[in-house]
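Work through the exercises below with the sequence and the model open. Each task is followed by a solution in steps.

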Amino acid sequence: MSVGALTKKILQAALFYEIWDAMKVTFRHMFHRPITFQYPREQRAIPDTHRGALGLLRYDDGRERCVGCDLCEAACPSHCIKVISEEDKERPLQRYASEFYIDVTKCVFCGYCVEACPVNALAMTKMYEYSTHDKRTLLFDKKRLYDIGERHLDDAKKYLYAHNQEQNVEASREYRYYFPQSVQKSTQPPPKHLS
Amino acid sequence: MGLKPATNPDVEAATIELSIDGKTVTAKDGVSLYDVISSTGKIIPAMCYHYTFDPFGSCGMCLVMQEGKKAPVRSCTAKAAAGMIIRTEGDDLFQARKKAVEKHLSVHPLDCPVCDADGHCELQDMAFHHGVTNLPNAKQKFIPEDTRSPVLDFNMNRCIACAECINVCKDVLMIDALQFMKKGGFNQVVPKGDVALDCEFCGDCLAVCPVGAITNKFSKYLYKPWQMKKTTTTCNYCGDGCQLYVETKDTEVVRVTSPLSWKNKWGDRAETSKGHGGICVRGRFGFEYIDGRTRLTQPLVRKDGQLAATSWLETMHHVVDRFAAVKQQYGAGAIAGLITARCTNEELYLFQKLMRSVFGSNAVDSSARYGHLNFVHASRHAVGIGRTPNDWEDFTKAKAVLLIGSNITETNPLTAVRVKEAIRVYKAQVVTLDSAVTNMAKLASHPFLIKPGTEGLVIDGLVKATLAQDLVDEEAVKKHPKAFEALKAAVAGVSLEQLAAQTGLAVGSFKEIAAIFAEAPRSIILCAEGIVRRADGYQNVLKLIDLAWITGKLGKPGCGVNTLTEEPNEQGAVDMGVAPEFLPGQARFDDAAARERFAKAWDAPLPAAGTSAHLMDILTRCRNGQIKALYVIGENPLATLPVSLNVKAALEQLELLVVQDPFLTDTGRLAHVVLPACTYAEKDGTFTNLEGRVLRVRQAMDPIGESLPDWHIMTSLANGMGANWEYQSANDIQAEIMKLLPGYYNLGQPRKVTPAPDQYLSNGYSAEVGARYRAAQANRDGRRPLALVMGQVLMHSGKMSTEASGLITIAPNTGKLRMNAKDMETLGLQEGTKVRLSSDQGSLEIGVQADLSVAPGACFFPEHFNEPPVKDLMAVAVDTTTGVPSFKQTWVSIEKV
């Protein structure tokens, strides 16, 4: 080892060079904007296309959009949806889902169900905070899904717009099904957008 | 084949040659071009075609190019001709077919997601296959939905006017309840006359509808095809043994579908003689009892006079202890058993094995005793076979069908379709002899109305007319001259004029019927409830066999004397030996060799032949205290038999009454223990239908509640009683039956049986026949002018169907006596008037209703209902030879109250 190199080594040892060298990164970050996000005190802005919890939507007049067609169940790759449909007792000849379950523990958030829905009754929201101590509460039933849809209605609509599934409120009316009336009842005129 | 079969038993069609896609194909002359193409294995799409009826040609999909023609031709309506050069593939044809799909889609609502046919829709498939994505001129119809019928909804927005529903109804079922009607600018399918649909509700229109235009009200909007599990099984309503698909979702039955469907539209029309694949109203819409709310879900044990739910283990201990105590105290003869013929063969076999080898009693009987055994005994006695000699194919291809005492369209609707096909396709002459205006009589070439209760006399007359006109087959009678002389002597006293006065059938008619029957090359006799369930049923079947013998129809192919069974497995009950006189395989119970064989197989001695008791004996012995314990599976003697038999008192005498049933029946309410059993949809096994075909019953769903299959309960009962039975499933029992009765499981292809009358004709016949044609009955006294008949209606079967809410919606218990309108007028009665109905057995008050199917001088009440208890007016006559009780007809008087 040459004298120069030895001197440098001793000097570095006396001045704790390695420590200062290592602390360089630390000091540089002291003057940097913090990268760590203070979740949950801080919330991140989420893009409209985000695939969060699923919710069921209603039309503006409060009617359920879902017609119980079961296409979401057919499209679901992880078999987490179960739809039980029947004829609406109050409005004969109309089909609706009497029960609707999504097992979120199985859901892979692929969004296929939303794509499959012919009436845009399903949408994904920006809601992702629903961790729980009891796994059983993660089987969302119809009421819970409509609650989610109601609470996150704006997000759900934004999701549908962002995925190019629904343009605006007026256009969404066209998805509504026209169910024929019974011959036993007086005939109603066909809806405006279809005539 | 869509067109009527060119070849029938009498005519062989010529063979022609034509070229399809460059290949030379041979075909029968006169068949449709479409059939020729499909028989080569090429499938051309066709939405209005179904092989069971003639081509209609409305959908415009089955286009092919024929050389020499500019435009494509519809292959279904074109007849194949010699030398045709046909092209079935090519872009031009694809485009032409695509145009046809677009035409249909342009007026079809795109409501697939809410349509019940979604995923099972031919239009959907066609649009997919032809890549239809854009419709330039779509238009909506806005037709209101026809929901007037209790069973089917017609959504004519979805109709593509293929007319499959109309054609199947008119051509195959000959009911003709639907029609096209121009309404609101569109051609729509409406019930005849545009009123609420009121037909037999077989639902075959629903099955063949390729779109969702006709929907089933009982399962509307409840399903999508991909959600359901489909199980092929056998119907358990009547003896036809139709195959059906039970479609289930978890633990509920959603719907029942038939093999007949637009999905299997390719077939050979000649094959429909073995059944067209359809089912009837009971099979298709009577499924709701399976998961109904009235099902028993837990064992019930009587405690302090009340039936209380108890655990299986406790219940079985109790049952075993009680049976053991009765056996020890009173001996094996104090235990008896009754089982319904709605159980599977395996269960019936196990039941008689349990009774005979474990309990050691031969007091065992099944519901075949109510009538079918009359036929079995007569047929065994005379010709040595214990079942019907003919199958559906023989019925279809018969040239003459003699239907006597059978309302076949009501009791066995699918066998009726075979007779209808005989009329329509094979041009058979059908003679109906019944005391009611039956639906078959409306289609028959020779319908005759006879006076109630005179079926036996009519047969006398037919035999006499055959002899009088010398229609006798010389070859048949030559072999047994002595027997023939005896028959002639026996009939000598019969006078046709006298019979004509008694039966209401003209002398000329007797002669005409006898001529039709004797002269046809293939003649079938079908006798059912009007013969076998009435007094003298045994003798009347023997007389029919006489008629077949002297006309030379006995043993000739396609001829024979047949019966119909009301319950699915009556034939199986007899074959499995659930009768005191039979061991399995219809071996006689007192046959030493058979006894030894079964005793060895079961490793237990058989009870002595003297301890036998059939249903009537069992009830008598219950009454006089000889029988102390009764094990009843699925039977309900209290609700079936008239009150004059004192069934209630007999059952109350018992120290132990165990009832095993899916429902809490009237008999069950009296029981000490009620065990919940499964219905046919929850267990495996086999049924033997009226043709002798052994058909599989497959488990479609898990048992409801804690109910168990009957064989399971019987096995644990036997093991509790000290037997060592190791059956793990119905298959194990099947394996044992296979060993004991080789060849019984015939995979739906029963061995042809040939009647062997020689033994009987040369030995016992002459001595017996004299008593058979007795002098005509004494005149009845005039106080009771009307005949009261109890019988089956189409929508119901036994008491079980009354648990099916769908069938009750279609045909509720009106609680009214059905009468001919003319009789009502002469008696001064209006619809609903209360009358006092009196017989020698008692009287009751009941409303009346007019019914077109009831003949003058008769009144009718369905046997399925006991509210009001009309059955209690019946007298019971027990056949001395067969022990069959008959209690379906009596004489009554009616007074207005």
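The model is predicted, so local features need pLDDT of at least 70 and side-chain atom pairs count only at pLDDT 80 or more, while totals for chains, interfaces and linings use all residues. Residues are numbered from 1 along each chain as its sequence is written, and chains are lettered from A and ligands numbered from 1 in the order in which they are written.

**Exercise 1.** Describe the secondary structure and burial of chain A.

Step 1. Take helices (H or I, at least four residues) and strands (E, at least two) as DSSP runs, numbered from the N terminus. Chain A has 7 helices and 5 strands.

Step 2. Read from the N terminus, the order in chain A is α-α-β-α-β-β-α-β-β-α-α-α.

Step 3. Count a residue as buried if 20 or more other C-beta atoms, placed from the backbone, lie within 10 Å of its own. Of the 195 residues in chain A, 24% are buried.

**Exercise 2.** Characterise the contact of chain B with chain A.

Step 1. Residues are in contact if their C-beta atoms, placed from the backbone, lie within 7 Å. Here 19 residues of chain B meet 21 residues of chain A.

Step 2. The chain B side comprises 8 nonpolar, 5 polar and 6 charged residues. Asp, Glu, Lys and Arg count as charged; Ala, Val, Leu, Ile, Met, Phe, Trp, Tyr, Cys and Pro as nonpolar; the others, Gly among them, as polar.

**Exercise 3.** How many residues does each side give to the contact between domain 3 and domain 4 of chain B?

Step 1. Locate domain 3 (316–362 + 569–688 + 694–734) and domain 4 (372–563) of chain B; the bounds come from an automatic or database domain assignment.

Step 2. Domain 3 of chain B and domain 4 of chain B each give 5 residues to the contact.

Notes: Contact = placed C-beta atoms within 7 Å. Buried ≥ 20, exposed ≤ 12 C-beta atoms within 10 Å, placed from the backbone.
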